[in-house]
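Here are my notes on the model, as numbered points. Please read them beside the coordinates.

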Amino acid sequence: MRDPAGHSYLVEPMPVATDAALGSDPFLWGLDLFNHGYYWEAHEAWEGLWQVADRGGPSRVFFKALILLSAARVKIREGKTAAAVRHSRRAAMLFRRLNGPSEHIVENALGLPPAILADYAEAATRLPAALRAVPFGRPQPVFDFVLGSDCQGH
């Protein structure tokens, strides 16, 4: 995209409607990855959706908040507290911007209202993560909640 020799140089991504994005395989794959502690991979799954979301629209804010929440978990596991706090606070701020009709979209997609997600993100900046020991090669979950409409947040 940035390199003049690249196949996507000067090609604008085609926007995707919010409903289509939230029902897409990348979104659902990202949820599954996040819920199982694969935060970096979830971030990667959602980044493509963020890139094609309407600039300035609520779906772009929503995907950015999810990406930052995932990145914060990666930083917590790396022991990079300042970066984790920065990402968590930015995610919380973005989740709080999702109100009105956007609030219902978030709650339907994730099973939690954006205000609760913002609270979880902010709590992570105040409370040190209690990382559980896991077998080698397994992800280390940081949150005690799951995302997804059929999970109801727990």
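1. Start at the end of helix 4. Gly79 follows this helix, and its phi is positive, near 75°. Helices here are DSSP runs of H or I with at least four residues, strands are runs of E with at least two, and numbering starts from the N terminus.

2. A word on the basis of these notes. The model is predicted: local features need pLDDT of at least 70, side-chain atom pairs count only at pLDDT 80 or more, and totals for chains, interfaces and linings use all residues. Residues are numbered from 1 along each chain as its sequence is written, and side-chain values use heavy atoms, with hydrogens and water left out.

3. Helix 4 itself covers residues 58-78. Its 21 residues reach 30 Å from first C-alpha to last, close to the expected 30 Å at 1.5 Å a residue. The expected span is 1.5 Å times one less than the number of residues. Of the 21 residues, 16 are buried, so helix 4 is largely enclosed by the rest of the structure. Buried means under 20% relative accessible area, exposed over 50%, and partly exposed in between, with a 1.4 Å probe and protein chains only.

4. Now the whole chain. The protein chain has seven helices and zero strands. Of its 154 residues, 43% count as buried. Among contacts with a separation of 6 or more, 60% come from residues 24 or more positions apart. Contact means heavy atoms within 4.5 Å.

5. How do helix 4 and helix 6 cross, and at what angle? Their axes come within 11 Å and cross at roughly 45°, helix 6 being residues 101-110. The two helices are therefore oblique to each other. Angles under 35 degrees count as roughly parallel, over 145 as roughly antiparallel, 65 to 115 as roughly perpendicular, and the rest as oblique. Axes are lines fitted to C-alpha atoms, for helices over the stretch in contact, and angles run from 0 to 180 degrees between N-to-C directions. The crossing is right-handed. A crossing is right-handed if the near helix is turned clockwise from the far one by less than a right angle, and left-handed if anticlockwise.

6. Helix 4 brings Pro58, Phe62 and Leu66 to this contact, and helix 6 brings Ser102, Val106, Ala109 and Leu110. Six of these residues are nonpolar, one is polar and none is charged. Nonpolar covers Ala, Val, Leu, Ile, Met, Phe, Trp, Tyr, Cys and Pro; charged covers Asp, Glu, Lys and Arg; the others, Gly among them, are polar.

7. Look at Pro58 in helix 4. Pro58 is partly exposed, at 45% relative accessible area. Leaving out residues up to four places away in sequence, Pro58 touches Leu98 and Ser102. Pro58 and Phe95 are 37 residues apart in sequence, with their C-alpha atoms 9.9 Å apart.

8. Helix 2 (residues 25-35) and helix 3 (residues 39-52) have axes that come within 8 Å and cross at roughly 160°. That makes helix 2 roughly antiparallel to helix 3. This crossing is left-handed. Residues in the contact include Phe27, Trp29 and Phe34 of helix 2, and Tyr39, Trp46 and Leu49 of helix 3. The contact residues divide into 11 nonpolar, one polar and one charged.

9. Two single residues to check. Trp50 lies in helix 3 and touches Arg60, Phe63, Lys64 and Ile67, not counting residues up to four places away in sequence. Ser24 sits in the loop between helix 1 (18-22) and helix 2, and counts as buried at 14% relative accessibility.
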